[in-house]
Amino acid sequence: MSDPSHGPNTHPALHKRGDSAPIAALTAYDYPTARLLDEAGIDVLLVGDSLGMVVLGMEDTIDVTLQDMLRHTAAVARGAKRAFIIADLPAGSYDSAEQARSSAKQLIDAGAHAVKLEGGALIEDQIRAILDAKINVVGHLGMLPQHVREEGRYRKKGMTKQGAARIISDAKLLERLGVSAIVLESVKKSVAAEITETLTIPTIGIGSGDQCDGQIRVIHDIIGLFPWFKPPFAEQFNDLASLISDSTKKYIESINKSDV
Ligand code: KIV
């Protein structure tokens, strides 16, 4: 199990970019993946609620439960010895300050070093309650997948003056509250760059340009394990889907030929 003793803002994995390499973050949902990514040198593992889509086959992240997140966070924590582990608070697990604190505590007990929740000013009370319990918080601004049903689809954020001002003001609020880092999802590149420049805490981008302090991707996207949906910003470095199909066909062939 990883060492969860780091206080807010103190973990070296969550650094401003400056002269050092950008923070390298990937999602992980199970023991072998967490162990392989950890041993390969990843800085941060996110047990994302994207679990719902890429592992559980759901339409979106909204029906992922706290029980789902606890089980997968524990599996990741067993696999990672070194990386900083962030676990998502799923939709419906932080509707009040008290519920947020209790859900966050359970994720920390399962092995996470920090919890991530989606939103800014609208969830200020929940973020305060978690931080008051001395639990590290990572913010998430821009496109908020837990709100995709209200939005109708995944959209780029910060495209209007008003939209950009709202994200920038939420980012400053999160910093004042004491969060350790902020994930910026599908934020206009110039807005993400301005936030990164302005804040003293790191930003970790996904579909938000290359100026953030770090980058995060869904592991299935970079290894080609979810061929049915490929986000435009996700570089694919391998094709595991083909490898699995190919190995399965070879296995079927082999048992047809053999006499065992
Ligand atoms: O759940 C997830 O995978 C995420 C990333 C997209 C940042 O929140």
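How much space lies in the second largest pocket? The second largest pocket holds about 570 Å³. The model is predicted; local features need pLDDT of at least 70, side-chain atom pairs count only at pLDDT 80 or more, and totals for chains, interfaces and linings use all residues. Residues are numbered from 1 along each chain as its sequence is written, and side-chain values use heavy atoms, with hydrogens and water left out.

Pockets were defined on a 1 Å grid over the protein atoms alone: a pocket is an open set of points where a 1.4 Å probe fits, with protein on both sides within 12 Å along at least five of seven lines, and lining residues have an atom within 4 Å of a point. Grid points are joined across faces, edges and corners, and a volume is the space filled by probe spheres set on the points.

The lining of the second largest pocket comprises 23 residues, and the closest to the pocket centre are Gly 119, Gly 120, Leu 122, Leu 144 and His 147. Strand E5 (136–142) and helix H7 (161–177) are the elements that give two or more residues to this lining. H7 gives the most, with 4 residues. Helices (H or I, at least four residues) and strands (E, at least two) are DSSP runs, numbered from the N terminus. By class, this lining has 8 nonpolar, 9 polar and 6 charged residues. Here Ala, Val, Leu, Ile, Met, Phe, Trp, Tyr, Cys and Pro count as nonpolar, Asp, Glu, Lys and Arg as charged, and the others, Gly among them, as polar.

The largest pocket has a volume of about 760 Å³. It is lined by 34 residues, of which Met 53, Tyr 154, Glu 185, Phe 229 and Pro 231 are the closest to its centre. Helix H2 (51–54), strand E4 (114–118) and strand E6 each supply at least two lining residues. The lining has 16 nonpolar, 8 polar and 10 charged residues. Phe 229 sits in the loop between helix H9 (219–223) and helix H10 (240–257). With a relative accessible area of 48%, Phe 229 is partly exposed (buried means under 20%, exposed over 50%, partly exposed in between; 1.4 Å probe, protein chains only). Phe 229 and Val 218 are 11 residues apart in sequence and 12 Å apart in space, C-alpha to C-alpha.

Strand E6 (residues 181–185) pairs with E7 in the parallel sense over 4 bridges; two strands pair if DSSP finds at least two bridges between them. Glu 185 has Ile 206 of E7 as its bridge partner. E6, helix H8 (residues 189–198) and E7 form a right-handed β-α-β unit; with the strands pointing away from the viewer, the path from the first strand over the helix to the second runs clockwise. E7 also pairs with strand E8 (residues 214–217), in the parallel sense over 2 bridges. Gly 205 stands opposite Gln 215 in E8. Within E7 (residues 203–206), Thr 203 and Gly 205 point one way and Ile 204 and Ile 206 the other, and all are buried.

Two residues other than glycine have positive phi. Ser 186, in the loop between E6 and H8, has a phi of about 50°. Ser 186 counts as buried at 12% relative accessibility. Lys 134 lies in the loop between H5 and E5, with phi near 65°. Lys 134 is exposed, with a relative accessible area of 71%.

Gln 126 belongs to helix H5 (residues 124–132). At 8% relative accessibility, Gln 126 is buried. Its side chain reaches the backbone oxygen of Tyr 94 at 3.1 Å.

How values were computed: Polar contact = N/O pair within 3.5 Å; in protein donor to acceptor, adjacent residues only side chain to side chain.
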